[in-house]
Amino acid sequence: MKVGLLKTSLVNFPGRVCAAVFLPGCNLRCPFCHNGELACAPVATGPSGGTGETESYVEIEEAYAHLEKRSRVLGGLAISGGEPFLSPALPDLIRKARNLGLQVKIDTNGTLTDRLKTFLADPELRPDMIAVDVKTSLSRYGELAIEERAGPRLAEELQKTLQILKDEALRGGNASRPLRVEYRTVLVPGLVGEKELREIASLLPESADWELAGFISGVCLDPAWNEKTPYGPEETRRLASLAQSLIPGAKLR
Ligand code: SF4
């Protein structure tokens, strides 16, 4: 199976030098996705091309070999995608990282709630950190789905995921391995504006770490979205301040 590999990163795992592995396949088709080749690739084999936007595609064994070789300088492994919870490779990847003493972070779109629950409940597979995307209002998830009519089901799953993560925070996480959670939203014009930010904020814990990122056109899964102009600096700052007034831990990347 081919996966994306970023050998060293200072930004994919807050506070840690990490490697990042990008697993193929995704159950969404966000039109603004920057990892379209990987998201649309078969879960079992990965992309047939050679290089993604920010990482190289390698056989998964090569990624394992890199982790082994560099484990002494790495503090963690960030597992992204695609949607990692779809991948049959995820359990082995987590076990390998743990055996090498690395902390594990998983990036997810939050719509595969049962898989998330299974991993959180298993001491071997429970990650140290989850970064969950809340991409727009729940009522707009049909615009991100492979089939629009799946929107309400995806939104329902995301809501369940957010509740599970809130409950984890209230419990203070598992005593032996507390769970750190980050929420993420890309400020995509036409998909995320004031109304959507207010709704997303209402779904998050007041103490949430909420990371906002600017939209970048040019490499979108749906080429029509490359024509969109990102918010200008002033509007971006206005939206970020609005988010901070609702959730003090909101920050613009
Ligand atoms: S959930 Fe992530 S990987 Fe999947 S299509 Fe959306 S942006 Fe791309």
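Predicted model: local features only at pLDDT ≥ 70, side-chain atom pairs only at ≥ 80, totals over all residues.
A polar contact is a pair of N or O atoms within 3.5 Å; within protein, one of them must be able to donate a hydrogen and the other to accept it.

Look at Arg126. Its place is in the loop between α4 (113–121) and β6 (129–133). The side chain of Arg126 makes a polar contact with the side chain of Glu168, at 3.0 Å. The pair also counts as a salt bridge, with the closest N and O atoms 3.0 Å apart. The two partners come from distant parts of the chain: Arg126 sits in the loop between α4 and β6, Glu168 in helix α5, and 42 residues separate them.

Is Arg126 buried or exposed? Its relative accessible area is 3%, so Arg126 is buried. Glu168 has 8%, so Glu168 is buried as well. The cut-off for buried is under 20% relative accessible area. As for the pairing, side chains of opposite charge can pair when their charged atoms come close.

Next, the salt bridges. How many does the structure hold? There are 16. One of them joins the side chains of Asp92 and Arg95, at 3.2 Å from N to O. Both residues lie in helix α3 (residues 90–99), three residues apart, which is about one turn of the helix. Asp92 is partly exposed, with a relative accessible area of 43%. Arg95, at 29%, is partly exposed too. On the geometry: an α-helix has 3.6 residues a turn, so residues three or four places apart point the same way.

Arg238 forms a salt bridge with Glu235, the closest N and O atoms being 3.0 Å apart. Why are Arg238 and Glu235 separated by about one helical turn? Because they are three residues apart in helix α7. Arg238 counts as partly exposed at 39% relative accessibility, and Glu235 counts as partly exposed at 28%. Elsewhere, salt bridges that share partners join Lys105, Asp107, Asp133, Lys135 and Arg184 into one network.

Staying with α7, here is a check on its length. The helix has 14 residues, 233–246, and at 1.5 Å a residue these should span 20 Å. The C-alpha atoms at its ends are 20 Å apart, so the two agree.

Which residues of α7 are buried? They are Thr236, Leu239, Ala240, Leu242 and Ala243. They cover an arc of only 155° around the axis, so they lie on the same side of α7. The face turned away from that buried side carries the exposed residues Pro233, Glu234, Arg237 and Ser245.

Two places remain. Glu55 is in the loop between α1 (36–39) and β3 (56–59). Glu55 is buried, with a relative accessible area of 4%. The C-alpha atoms of Glu55 and Lys7 are separated by 8.3 Å, though these residues are 48 apart along the chain.

Last, the surface. Leu10, Val11 and Val17 form a nonpolar patch there, with about 310 Å² of accessible area together. Val11 is found in the loop between β1 (2–9) and β2 (18–22). At 71% relative accessibility, Val11 counts as exposed.

Notes. Residues numbered from 1 in each chain as written. Heavy atoms only, no water. Patch = residues over 30% accessible without salt bridge, like charges linked within 9 Å, V, L, I, M, F, W, Y side chains within 5 Å. Areas by Shrake-Rupley, 256 points an atom, 1.4 Å probe, with all protein chains shown as cover. Salt bridge = Lys/Arg side-chain N within 4 Å of Asp/Glu carboxyl O. Helix = DSSP H or I, 4+ residues; strand = E, 2+ residues; numbered from the N terminus. Buried < 20%, exposed > 50% of the residue type's maximum accessible area, 1.4 Å probe, protein only. Expected span 1.5 Å × (residues − 1). Arc of directions from axis to C-beta.
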